[in-house]
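Please look through the sequence and the model shown here before reading on. The report is meant to be read beside them.

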Amino acid sequence: MPVYSVIVPCYNEEAVLQETHRRLTRVLRGMDGDYEIIYVNDGSRDATAAILNDLAAEDACVRVVHFARNGGHQIAVTAGLDYAAGDAIVIIDADLQDPPEVIPEMASRWRSGAQVVYGQRKKRDGESAFKKVTAFVYYRLLRAMTNTEIPADTGDFRLVDRRVADVVRSMPEHARFLRGMFAWVGFRQEAVLYDRDKRFAGETHYPLKAMLRLALDGMLSLSDKLLKISTYAGVTLGCLSLLGMLVLLILLCCGTSGGMWWLAMLMILCTGMVLTAMGVLGAYVSRIYDETRGRPLYIVAETRGFPEGSKPFIR
């Protein structure tokens with residue numbers, strides 16, 4: 001059985017995979033135990049699948065899981081957790097923004113007793129000012145909105161102990177926000193600071209829409225404060241409406257008509273708040289619907305490189 005399992009989710013990563021594997025292999029061969037690298041092909045449309053199959057044929061430490069369809073980054077990492085056999089499990093993206101050379105420091109912290117060792121970014125090279133600002137605001141907002149202490153400036157790059165991974169695997173929700181789930185389970189957690197590099201090659205597969213969806217999943221899966229905010233906003237709006245009516249009544253008693261514009265604005269504001277509250281409720285109901293359908297998180301088309309007779313956990 002390997003000591004280390006490294007999970008690498010891949011989606012259209014043909015431009016970087018060879019270099020990713022070379023650097024990972026160089027780092028892992030210098031560590032203090034056997035290892036496996038689990039590449040999860042998340043329904044790629046380029047040559048990613050062929051490259052991964054070649055790597056599995058050339059390197060006995062490579063395992064490949066091919067999805068039948070794209071499931072998304074968080075689902076691909078979840079599949080990697082299900083297939084991983086190591087005592088310590090590392091999650092790292094294929095784009096080399098998170099340097100594999102940080103893994104030995106994570107392993108050292110794990111050997112010293114830490115059960116979750118997460119990478120915390122000191123510097124973010126190759127990212128736009130917009131992304132840096134939105135990331136800064138998001139992590140602080142997420143911390144304020146949830147009851148779970150999620151470290152700022154962290155992603156999914158981390159090493160987790162087998163026990164922690166098994167606890168997270170036992171959590172059945174479909175709308176997965178793994179960095180929040182790892183924070184929620186507790187255990188002894190430590191940070192390793194590092195400088196995040198620019199992407200080695202290719203283009204990002206996390207556009208603004210995907211980042212917003214992940215951000216919303218994080219807030220909805222870890223907190224019910226959005227529901228409470230809508231309630232507070234509704235009460236506030238009711239008080240403001242009563243105050244507005246009182247002002248209109250005073251104007252009417254003084255012989256000055258406020259006209260219909262004030263009433264129209266109040267009605268528009270009320271309608272907007274009602275729709276906002278309904279939208280938040282709808283987001284929660286949508287997640288209840290996803291959970292009750294009971295569909296599998298992912299569908300595996302085939303696997304390569306796993307030991308004969310192994311029976312990995314399948315959701």
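## About the model

This is a predicted model, in which local features need pLDDT of at least 70 and side-chain atom pairs count only at pLDDT 80 or more, while totals for chains, interfaces and linings use all residues. Residues are numbered from 1 along each chain as its sequence is written, and side-chain values use heavy atoms, with hydrogens and water left out.

## Nonpolar cores

In soluble globular proteins, nonpolar side chains tend to be buried together. A nonpolar core is here a set of buried Ala, Val, Leu, Ile, Met, Phe, Trp, Tyr and Cys residues joined through side-chain atoms within 4.5 Å, where buried means under 20% relative accessible area, exposed means over 50%, and partly exposed lies in between (1.4 Å probe, protein chains only). The largest such core has 34 residues, and those with the most contacts inside it include Tyr4, Leu24 and Phe157. Apart from this core lies another, of 26 residues, among them Phe67, Ile75, Tyr83 and Met181.

If residues up to four places away in sequence are not counted, Phe157 touches several residues, including Val90, Ile92, Pro99, Tyr118 and Tyr194, a contact being heavy atoms within 4.5 Å.

## Helix H6

Helices (H or I, at least four residues) and strands (E, at least two) are DSSP runs, numbered from the N terminus. Helix H6 covers residues 162-169, and its buried residues are Arg162, Val164, Ala165, Val168 and Arg169. Seen down the axis of H6, these buried residues fall within an arc of 160°, so they line one face of the helix; the arc is that of the directions from the helix axis to the C-beta atoms.

## Salt bridges

A salt bridge is a side-chain nitrogen of Lys or Arg within 4 Å of a carboxyl oxygen of Asp or Glu, and by this rule the count comes to 12. One of them joins Asp32 and Arg111, whose closest N and O atoms are 3.1 Å apart. Asp32 lies in the loop between helix H1 and strand E2 and Arg111 in helix H4, so the pair ties together parts that are 79 residues apart in sequence.

Within helix H6, Asp166 forms a salt bridge with Arg162, with the closest N and O atoms 3.0 Å apart, and the two residues are separated by about one helical turn, being 4 residues apart. Asp166 is partly exposed at 34% relative accessibility, whereas Arg162 is buried at 17%. Salt bridges that share partners join Asp82, Arg162, Asp166 and Arg169 into one network.
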